[in-house]
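Please read the numbered points with the sequence and the model in view.

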Amino acid sequence: MSKYDPPAQPTPASKDGRPDCVRNVADIPPEAYEREKDGIAGIARDIGAAVGTRLLGVDLTEIPPGKKSSHLHSHSLKEEFFFVVGGRCRLKLGEKLWELKAGDAVSRPAGTGVPHQFDNPFAEPCSVLMFGLQAGKGVEDVVDWPEIGRKLVLAADGTRKLEKA
C-alpha cells in the first residue's frame with residue numbers, strides 16, 4: 001500500500017457527524033495571496049486538501065477586480081480544468097484573450113506549451129473553480145513562466161527546483 005492509496009479505515013466523522021471527506025466550501029478557511037508588483041492577487045480555498053484528495057487539486061479562487069490569478073504559465077505534465085462559478089474574467093491563452101462568465105468551462109491539457117492566465121479587468125470579483133493533478137505527490141511536472149524567464153521542476157517525491165528558462 002502506498003501513501004496515495006485510499007485509507008483502509010472509513011474516514012472518522014467530523015463535528016457535524018459527516019465524514020471528513022464532506023465539507024461545505026464556506027467552512028474552508030480562505031487563504032489570501034498577493035504579488036503586488038506583478039498585479040497578482042486572489043483568495044483561494046483549498047477544497048481538495050480540506051476533503052482529503054491525494055492526487056487531485058481542487059481550489060475555489062476569487063480573483064479581485066484589476067488583478068491576475070497568477071503569472072502566465074504552462075504545464076508539461078499537469079492537466080487542468082477550470083469552471084467559472086461567478087462573475088466575469090478573461091483568459092489569456094497564448095497571445096489571445098477570451099472573455100469568460102459564470103458557467104464557462106476551460107480545459108488545459110498537459111504538454112501543449114500554450115501558456116494560460118486569468119485576469120479580472122471588471123468591477124466585480126470573479127470566482128473560478130480550479131482542478132488539476134497534484135504535482136509532487138507521485139506526479140511530476142515542469143511549470144514554465146515565459147514572461148519571467150523561469151521554470152519550476154517538480155519531482156514526483158515533492159522536491160522542487162527553480163531554474164532559468
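1. A patch, as the word is used here, is made of residues with over 30% relative accessible area and no salt bridge, nonpolar side chains being joined within 5 Å. The model under review is a predicted one. On its surface, Phe81, Phe83 and Val85 form a nonpolar patch with about 240 Å² of accessible area together. Val85 belongs to strand β6 (residues 80-86). Val85 has a relative accessibility of 45% and is therefore classed as partly exposed, since that class lies between 20% and 50%.

2. Salt bridges deserve attention next; the count comes to nine. One of them joins Lys67 to Glu34, with the closest N and O atoms 3.8 Å apart. Because Lys67 lies in strand β4 (residues 67-68) and Glu34 in strand β1 (residues 31-35), this pair ties together parts that are 33 residues apart in sequence.

3. Arg90 and Asp119 also meet through their side chains in a salt bridge, at 3.0 Å from N to O. This pair links distant parts of the chain, with Arg90 in strand β7 (residues 88-93) and Asp119 in strand β10 (residues 116-120), 29 residues apart. Arg90 is partly exposed, at 28% relative accessible area, whereas Asp119, at 12%, counts as buried.

4. A further salt bridge is formed by the side chains of Asp38 and Lys37, at 3.8 Å from N to O. Asp38 is partly exposed, with a relative accessible area of 23%, while Lys37 is exposed, at 78%. Elsewhere, Lys151, Lys161 and Glu163 are linked in a network of salt bridges.

5. Which strands pair with β12? Strand β5 (residues 74-75) pairs with β12 in the antiparallel sense over two bridges, and there His75 stands opposite Val143. Strand β13 (residues 150-154) also runs antiparallel to β12, and five bridges join the two. In that pairing, Val143 stands opposite Leu152.

Note on methods: Residues are numbered from 1 along each chain as its sequence is written. This is a predicted model: local features need pLDDT of at least 70, side-chain atom pairs count only at pLDDT 80 or more; totals for chains, interfaces and linings use all residues. Side-chain values use heavy atoms; hydrogens and water are left out. Patches are made of residues with over 30% relative accessible area and no salt bridge: like charges are joined within 9 Å, nonpolar side chains (Val, Leu, Ile, Met, Phe, Trp, Tyr) within 5 Å. Accessible areas come from the Shrake-Rupley method with a 1.4 Å probe; for residues, only the protein chains shown count as cover. A salt bridge is a side-chain nitrogen of Lys or Arg within 4 Å of a carboxyl oxygen of Asp or Glu. Helices (H or I, at least four residues) and strands (E, at least two) are DSSP runs, numbered from the N terminus. Buried means under 20% relative accessible area, exposed over 50%, partly exposed in between (1.4 Å probe, protein chains only). Two strands pair if DSSP finds at least two bridges between them.
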